[in-house]
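Here is a short tour for anyone meeting this protein for the first time. Keep the picture open while you read.

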Amino acid sequence: ATIDGRLVAVVCSVGVDLEVVPYAVDACAALVLDEGVVVVPARDAVQVQQRLAALARARISVVGVEAVA
């Protein structure tokens, strides 16, 4: 995806998924990108995902979104 003019790997998931951040790191590596965004429902964005993202070489953000009716 293009966000603010930057190419970014976007990974979407549902549920508390501890493998989604490593998957986003792999996606960034495969696509030769420096940035990734993990998009999950707000209830599924847990602190451990933020901690894993902080350890990644690529810049990974975990974003929780509210349901849209």
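## The big picture

Of the protein's 69 residues, 32% count as buried, where buried means under 20% relative accessible area, exposed means over 50%, and partly exposed lies in between (1.4 Å probe, protein chains only). A word on the ground rules: this is a predicted model, so local features need pLDDT of at least 70 and side-chain atom pairs count only at pLDDT 80 or more, while totals for chains, interfaces and linings use all residues. Residues are numbered from 1 along each chain as its sequence is written, and side-chain values use heavy atoms, with hydrogens and water left out.

You'll find two helices and five strands here; these are DSSP runs numbered from the N terminus, with helices being H or I of at least four residues and strands being E of at least two. Walk along the sequence and the pattern reads β-β-β-α-β-α-β. The radius of gyration is 11 Å, close to the 11 Å that the globule rule gives for 69 residues, so the protein is as compact as a globular protein of that length. (That radius is taken over C-alpha atoms, and the rule is 2.2 Å times the number of residues to the power 0.38.) Along its principal axes, the C-alpha trace spans about 30 × 25 × 15 Å.

## Strand β4 and its neighbours

On one side, β4 runs parallel to strand β3 (residues 9-12), and four bridges join the two. Two strands are said to pair if DSSP finds at least two bridges between them.

## Two crossovers and a two-faced strand

How do you get from one strand to the next? β3, helix α1 (residues 20-31) and β4 make a right-handed β-α-β unit. Right-handed means that, with the strands pointing away from the viewer, the path from the first strand over the helix to the second runs clockwise. β4, helix α2 (residues 47-55) and β5 make a right-handed β-α-β unit too.

In a regular strand, side chains alternate between the two faces of the sheet. In β3, Ala9 and Val11 make up the covered face, while Val10 and Cys12 make up the uncovered one.

## Out on the surface

Which residues form a nonpolar patch on the surface? They are Val16, Leu18 and Val48, with about 250 Å² of accessible area together. Such patches are made of residues with over 30% relative accessible area and no salt bridge; like charges are joined within 9 Å, and nonpolar side chains (Val, Leu, Ile, Met, Phe, Trp, Tyr) within 5 Å. The areas come from the Shrake-Rupley method with a 1.4 Å probe, and for residues only the protein chains shown count as cover.

Leucine 18 is in the loop between β3 and α1, and is partly exposed at a relative accessible area of 48%. Over in the loop between β4 and α2 is arginine 43, which counts as exposed at 67% relative accessibility. These two residues are 25 apart along the chain, and their C-alpha atoms are separated by 14 Å.

## A chain of charges

The structure holds four salt bridges, each being a side-chain nitrogen of Lys or Arg within 4 Å of a carboxyl oxygen of Asp or Glu. Asp4, Arg6, Glu35 and Arg59 are linked in a network of them. Arginine 6 bonds with aspartate 4 in a salt bridge whose closest N and O atoms are 4.0 Å apart. Aspartate 4 is exposed at 69% relative accessibility, and arginine 6 is partly exposed at 34%.

Arginine 6 also forms a salt bridge with glutamate 35, with the closest N and O atoms 2.9 Å apart. That pair links distant parts of the chain: arginine 6 sits in strand β2 (residues 6-7) and glutamate 35 in β4, 29 residues apart. Is glutamate 35 buried or exposed? At 10% relative accessibility, glutamate 35 counts as buried. Arginine 59 forms a salt bridge with glutamate 35 as well, at 3.1 Å between the closest N and O atoms. This pair also links distant parts of the chain, with arginine 59 in β5 and glutamate 35 in β4, 24 residues apart.
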